[in-house]
Amino acid sequence: MTYLISILGQFETRYKMVLILTLGLILLVLASAGKLHADEHSKAQMHYMTGLKLLKDQSQNAATNHAKANIWFTMAAYEGHEGALFHLGVSYENGRGVQKDLRLAAHFYRLAAARHHVAAQYNLAVMTAHGKGVKRDLEKALALILIAKQNTGLNPNARLRLNQFQIAIEGMLNNAQISRTERQVAKLFGTGI
């Protein structure tokens with residue numbers, strides 16, 4: 001520190017203040033670097049919330065708001081935010097602010113589904129059952145629904161929707177396929193279905 005003070009003595013008064021402010025800023029950045037790492041989740045949440053606000057904003061062109069929202073969702077998704085990943089999937093599935101791309105939609109749904117986002121699991125199951133953006137696979141679609149139903153925090157409407165889709169898929173599979181899928185999911189979760 002004394003070395004720093006001796007160096008400061010060599011500068012004119014007007015440059016001393018600039019140098020002191022610069023050093024202070026450097027120390028502030030270094031001190032907050034650890035805090036920034038801890039705040040990544042809250043930063044991702046802020047980006048996500050900004051994207052949601054843009055989607056709800058009716059004051060501008062909807063296409064413009066969707067495109068802007070996708071930028072914020074992309075920043076949040078980069079940090080692993082499951083809601084942002086889901087919304088990017090919806091955007092690509094419907095061509096909302098981006099060019100429609102079912103393969104990218106499935107990709108983002110898959111990433112969100114892996115983070116236990118129930119709506120993403122459902123949407124990916126629907127795409128998988130119909131072969132949209134992914135190879136058609138009814139057993140995999142059923143597995144996604146059974147996995148989504150493992151979520152204990154489901155609201156009654158979501159549970160009803162999952163049950164209805166499960167019944168529809170099971171109507172297209174034979175008993176052996178259903179049993180095999182149920183065993184695989186039970187093995188994955190260590191529970192009975």
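# Questions on a predicted helical model

Q: Is His47 buried or exposed?
A: The structure shown is a predicted model, and His47 lies in helix H3. The relative accessible area of His47 is 13%. Because the cut-off for a buried residue is under 20%, His47 counts as buried.

Q: Which residues does His47 touch, not counting residues up to four places away in sequence?
A: His47 belongs to helix H3. Once residues up to four places away in sequence are set aside, the residues that His47 touches are Trp72, Met75 and Ala76.

Q: Which element has the highest mean pLDDT, and which the lowest?
A: The protein averages a pLDDT of 85, and 77% of the residues score at least 70. Where pLDDT is low, the predicted coordinates should not be read in detail. Among the elements of the protein, the highest mean pLDDT, 97, is that of helix H7 (residues 118-130), and the lowest, 54, is that of helix H1 (residues 2-8).

Q: Are the rings of Phe86 and Tyr109 stacked, edge-to-face or tilted?
A: A search of the whole structure finds 4 aromatic pairs. In one of them, the ring centres of Phe86 and Tyr109 are 5.9 Å apart and the planes stand at 40 degrees. Planes under 30 degrees apart count as stacked and those over 60 as edge-to-face. The angle of 40 degrees therefore makes the pair of Phe86 and Tyr109 tilted.

Q: How many residues apart in sequence are the parts that Phe86 and Tyr109 tie together?
A: Phe86 is buried, and Tyr109 is buried as well. Phe86 lies in helix H5 (residues 82-94), whereas Tyr109 lies in helix H6 (residues 102-114). The pair therefore ties together parts whose separation in sequence is 23 residues.

Q: What kind of aromatic pair do Tyr92 and Phe108 form?
A: Tyr92 in helix H5 and Phe108 in helix H6 are 16 residues apart, and their pair links distant parts of the chain. Both Tyr92 and Phe108 are buried. Their rings lie 5.8 Å centre to centre, with 15 degrees between the planes, and the pair is stacked.

Q: How many of the 13 residues of H5 are buried?
A: H5 reaches 18 Å from its first C-alpha to its last, close to the 18 Å expected at 1.5 Å a residue. Its buried residues include Gly83, Phe86, His87 and Tyr92. H5 is largely enclosed by the rest of the structure, because the number of its residues that are buried is 10.

Q: Which residue just after H5 takes a positive phi?
A: The phi angle in question is about 65 degrees. The residue that takes this positive value just after H5 is Gly95.

Q: Which residues is Phe165 in contact with, leaving aside its neighbours within four places in sequence?
A: Phe165 is one of the core residues that touch the most other members. Beyond its neighbours within four places in sequence, Phe165 is in contact with Tyr122, Ala125, Val126, Ala129 and Ile145.

Q: With which residue does Arg180 form a salt bridge?
A: The count comes to 1 salt bridge. The closest N and O atoms are 2.9 Å apart, and the partner is Glu139.

Technical notes:
Residues are numbered from 1 along each chain as its sequence is written. This is a predicted model: local features need pLDDT of at least 70, side-chain atom pairs count only at pLDDT 80 or more; totals for chains, interfaces and linings use all residues. Side-chain values use heavy atoms; hydrogens and water are left out. Rings of Phe, Tyr and Trp (its six-membered ring) pair if their centres lie within 6.5 Å; planes under 30 degrees apart count as stacked, over 60 as edge-to-face and the rest as tilted. Helices (H or I, at least four residues) and strands (E, at least two) are DSSP runs, numbered from the N terminus. Buried means under 20% relative accessible area, exposed over 50%, partly exposed in between (1.4 Å probe, protein chains only). pLDDT is the predictor's confidence in each residue, from 0 to 100. A salt bridge is a side-chain nitrogen of Lys or Arg within 4 Å of a carboxyl oxygen of Asp or Glu. A nonpolar core is a set of buried Ala, Val, Leu, Ile, Met, Phe, Trp, Tyr and Cys residues joined through side-chain atoms within 4.5 Å. Contact means heavy atoms within 4.5 Å. The expected span of a helix is 1.5 Å times one less than its number of residues.
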